[in-house]
Amino acid sequence: MNSSRIYTGASMNPLFRDGDRLLLRPVGYRDVRRGDVICFTAASGVDVVHRVVGIAPAGLCTCGDNNDAADAMPVAADCRLLLVYAIDRAGRRIAVTCGRAGMRFFRRIRARRACRRLLGIPARILLRKLPAWCFTGRVGTLSLHRFGEDEFLFAGKRPVARRRNGGSWKILSDLDRFRYRQAGLERLFPAEKGVSGS
């Protein structure tokens, strides 16, 4: 019989978000495939929703898409399993990728996280060391927009940097840190000085 559960936690981000309603159906142990997302009761008595990343004689090896390591205890054959086949997010039903497609999704998420980890710190160090000529020619395409006390620089329709209360510019994305230099933004778009009336 099909059932549903409300998801909480971060172990399956970005696939599931807090408050998503998971749609579940019972599945036999022998019918589970690598890449399937299942709900099972852990030894602690807590319901866990993770992806099956391996099938071993000891049981199913599971891991959250957002976790660094697989779960310590395999899921035994006598455990009651529920397959997550869809989610209901704000009234919209979204199918959950399972099987081979689920494993491809899992590997893609892992590769993305590994790249961010590998490139994050070196990229920040590199950005501080690059000369100013690496960032030329792009600042002229920006437009300044004011929203109350906030100022935004836009490249087309995309916000690039934000300044609050006349402070310094904060570049919004890591990619834009490669394209723009904060000092160049400060020079071309200086903060307005307060004007006193006489």
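Visitor: In what order do the elements of the protein run from the N terminus on?

Guide: They run β-β-β-β-β-β-β-α-β-β-β-β-α-α, with 3 helices and 11 strands in the protein. Both kinds are DSSP runs numbered from the N terminus (helices are H or I, at least four residues; strands are E, at least two). Please keep in mind that this is a predicted model, where local features need pLDDT of at least 70 and side-chain atom pairs count only at pLDDT 80 or more, while totals for chains, interfaces and linings use all residues. Residues are numbered from 1 along each chain as its sequence is written, and side-chain values use heavy atoms, leaving out hydrogens and water.

Visitor: Why are E1 and E2 said to pair?

Guide: Two strands pair if DSSP finds at least two bridges between them. E1 and E2 have 4 bridges, in the antiparallel sense, so they qualify under that rule. One example to find in the structure is Ile6, whose bridge partner in E2 is Arg21. E2 also pairs with E6, again antiparallel, over 6 bridges; there, Leu23 has Ala86 of E6 as its bridge partner.

Visitor: Why is the contact of Arg5 with Asp47 called a salt bridge?

Guide: The term asks for a side-chain nitrogen of Lys or Arg within 4 Å of a carboxyl oxygen of Asp or Glu. The closest N and O atoms of Arg5 and Asp47 are 3.0 Å apart, so the pair meets the cut-off. Arg5 lies in strand E1 (residues 3-6) and Asp47 in strand E4 (residues 47-56), so this pair ties together parts that are 42 residues apart in sequence.

Visitor: What does the salt bridge of Arg21 with Asp88 tie together?

Guide: In this pair, the closest N and O atoms are 2.8 Å apart. Arg21 sits in strand E2 (residues 21-26) and Asp88 in strand E6 (residues 82-89), so parts 67 residues apart in sequence are tied together. In total, a search of the whole structure finds 9 salt bridges, and Arg146, Glu151 and Arg163 are linked in a network of them.

Visitor: Is Asp36 buried or exposed, and how do you know?

Guide: Its relative accessible area is 2%. Buried means under 20%, exposed means over 50%, and partly exposed lies in between (1.4 Å probe, protein chains only). Asp36 is therefore buried. Its salt-bridge partner Arg33, at 3.4 Å from N to O, is partly exposed at 47%. Across the 198 residues of the protein, 35% count as buried.

Visitor: What makes Ala90 stand out in its phi?

Guide: Most residues other than glycine have a negative phi, and most peptide bonds are trans. Phi of Ala90 is near 55°, a positive value in a residue other than glycine. You will find Ala90 in the loop between E6 and strand E7 (92-95), and with a relative accessible area of 82% it is exposed.

Visitor: What kind of peptide bond joins Asn13 and Pro14?

Guide: A cis one, with omega at about 5°. Pro14 belongs to the loop between E1 and E2.

Visitor: Which residues line the second largest pocket, and what makes them lining residues?

Guide: A pocket here is an open set of points on a 1 Å grid over the protein atoms alone, where a 1.4 Å probe fits, with protein on both sides within 12 Å along at least five of seven lines; lining residues have an atom within 4 Å of a point. Among those that line this pocket are Phe40, Thr41, Val48, His50, Asp71, Met73 and Cys79. Strand E3 (37-41) and E4 each give two or more residues to the lining. The pocket has a volume of about 200 Å³, where volume is the space filled by probe spheres set on points joined across faces, edges and corners.
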